Amino acid sequence: MPGIVNATANQLRVARRLVPRRGATLAERLGRLDDRLVFVIGSPRSGTTFLAEAIGSLPGFVDLGELAPVKAAVPELAALPPPEAARRLRRILAVARRVGLVGSVRAVEQTPELAHLSTALPLAFPNAVIIHIVRDGRDVACSLLEKPWLKRDQPSADDAGLPYGSYARFWVEPERRAEFESASDARRAAWVWRSYVTAARAAVNPLEVRYEATTADPAAVAALIAERLGAPPGPLAAALGGAHAASVGRYRRDLAPEQLAEVEDEAGALLRELAYL
C-alpha cells in the first residue's frame with residue numbers, strides 16, 4: 001500500500017507541474033502519445049536541465065522536467081534485465097504523460113538517473129533520441145558540493161521522496177559501499193560524476209555534446225542536435241545562448257587543493273579518457 005500511495009503522489013506532482021502550461025492545443029494535450037521522446041541524460045549538474053528546457057522550448061516539443069515517478073522507480077528498474085526495465089519504464093512514462101496532458105507532442109525527459117537505464121531506453125522507445133551532455137567532472141563536483149544531496153546528516157529528501165545523505169546509492173559498487181559512506185564530500189561528488197557518465201556512455205547511438213562546447217559555440221551544438229531531432233536550429237541556438245560560460249573551469253577557484261586531488265584520484269581515468277586531463 002505505501003508503494004501505491006507514493007506512486008500516486010509522484011504522478012500528482014507531474015500533473016501539478018505540466019497541466020497548467022500555456023499554449024498547448026487540445027490535440028497536444030489529449031492526442032495520441034508521440035513515442036519519439038528525447039532523453040537528455042548525464043550526471044547531475046552537467047547541464048541536463050538547461051539543455052532539456054532549451055529543446056522543450058521548440059515548437060512541437062515539451063520539457064517534462066525531472067519526473068518524480070521515474071526518479072523513484074530507477075533504483076528498482078536498474079536491477080532488472082533491460083527488457084523488463086524497458087517495459088516498466090514505458091508504462092510509467094505513459095501514465096505520466098497522460099496525467100500531465102502531454103499527448104501528440106514530443107516529450108523531453110531529463111531525469112539524470114535515467115543514465116543508469118541507458119541500455120533500456122531504446123528498448124522502451126525505439127524511436128527516441130538520446131542526448132548525453134557531458135561536463136568537466138571537476139566543475140560538476142564544485143556544483144554538487146553546493147547542494148545537500150550527498151552530505152551527512154541531511155534530514156531532507158528530493159521531490160521523489162528519496163532521502164539526501166552520504167549513504168551508498170544503488171549505483172555504488174557493492175564492494176565499495178562502506179568506502180563511499182566514509183569518503184569526503186568531494187570524493188563522493190566525483191563518484192557521482194564518474195558513475196553517471198560511465199553509465200550514460202553505454203547507451204546505443206547517443207548524441208554526445210559537451211557543456212563547454214555549448215557555452216563556446218551554441219550555434220554549432222544547436223546544429224548537431226537539431227539535425228538529430230529534425231528540428232529548426234535557429235530557435236535552439238538562441239535558447240542555448242544562455243549557457244553560463246563563467247562556470248567553465250570554476251574548479252580552479254572553487255576547489256581546495258586537497259579536494260581537487262580527491263576528485264582527480266576518484267575520477268581521473270575518465271577525465272583523461274574524455275580529454276579533460
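**View 1. Lining of the largest cavity.** By class, 4 nonpolar, no polar and 3 charged residues line the largest cavity; Ala, Val, Leu, Ile, Met, Phe, Trp, Tyr, Cys and Pro count as nonpolar, Asp, Glu, Lys and Arg as charged, and the others, Gly among them, as polar. This is a predicted model, in which local features need pLDDT of at least 70 and side-chain atom pairs count only at pLDDT 80 or more, while totals for chains, interfaces and linings use all residues. Residues are numbered from 1 along each chain as its sequence is written, and side-chain values use heavy atoms, with hydrogens and water left out. The lining consists of Leu144, Leu145, Lys147, Leu150, Lys151, Asp185 and Ala189. The volume of the largest cavity is about 40 Å³, and the count comes to 1 cavity of 30 Å³ or more. On a 1 Å grid over the protein atoms alone, a cavity is a set of points where a 1.4 Å probe fits but cannot get out, a pocket is an open set with protein on both sides within 12 Å along at least five of seven lines, and lining residues have an atom within 4 Å of a point. Grid points are joined across faces, edges and corners, and a volume is the space filled by probe spheres set on the points.

**View 2. The largest pocket.** This pocket has a volume of about 810 Å³. Its lining has 32 residues, with Pro44, Glu66, Pro112, Glu113 and Trp149 nearest the centre. H3, helix H4 (68–77), helix H7 (137–145) and H9 are the elements that give two or more residues to the lining. H3 provides the largest share, 3 residues. By class, the lining has 16 nonpolar, 9 polar and 7 charged residues.

**View 3. Thr48 in helix H3.** Helix H3 spans residues 48–56 and contains Thr48. Thr48 is buried, with a relative accessible area of 4% (buried means under 20%, exposed over 50%, partly exposed in between; 1.4 Å probe, protein chains only). Leaving aside residues up to four places away in sequence, Thr48 touches Val40, Ile41, Gly42, Ser43, Gln110, Pro112 and Ile133 (contact means heavy atoms within 4.5 Å).

**View 4. Phe180 in helix H8.** Phe180 belongs to helix H8 (residues 177–182) and is buried, at a relative accessible area of 0%. Its contacts beyond four places in sequence include Leu150, Trp171, Arg188 and Trp191. Arg169 is 11 residues from Phe180 in sequence, and their C-alpha atoms are 9.2 Å apart.

**View 5. Strand S2 and its neighbour.** In strand S2 (residues 61–65), 5 of 5 residues are buried. Phe61, Asp63 and Gly65 point one way, and Val62 and Leu64 the other way. S2 pairs with strand S3 (residues 106–109) in the parallel sense over 4 bridges; pairing requires at least two bridges found by DSSP. Asp63 stands opposite Val108 in S3.

**View 6. Nonpolar cores.** The largest nonpolar core has 57 residues, and Phe39 and Leu114 have the most contacts inside it. Helix H9 (residues 185–200) gives the most to this core, with 9 residues. A second, separate core has 24 residues, including Val38, Val108, Leu236 and Leu240. A nonpolar core is a set of buried Ala, Val, Leu, Ile, Met, Phe, Trp, Tyr and Cys residues joined through side-chain atoms within 4.5 Å.
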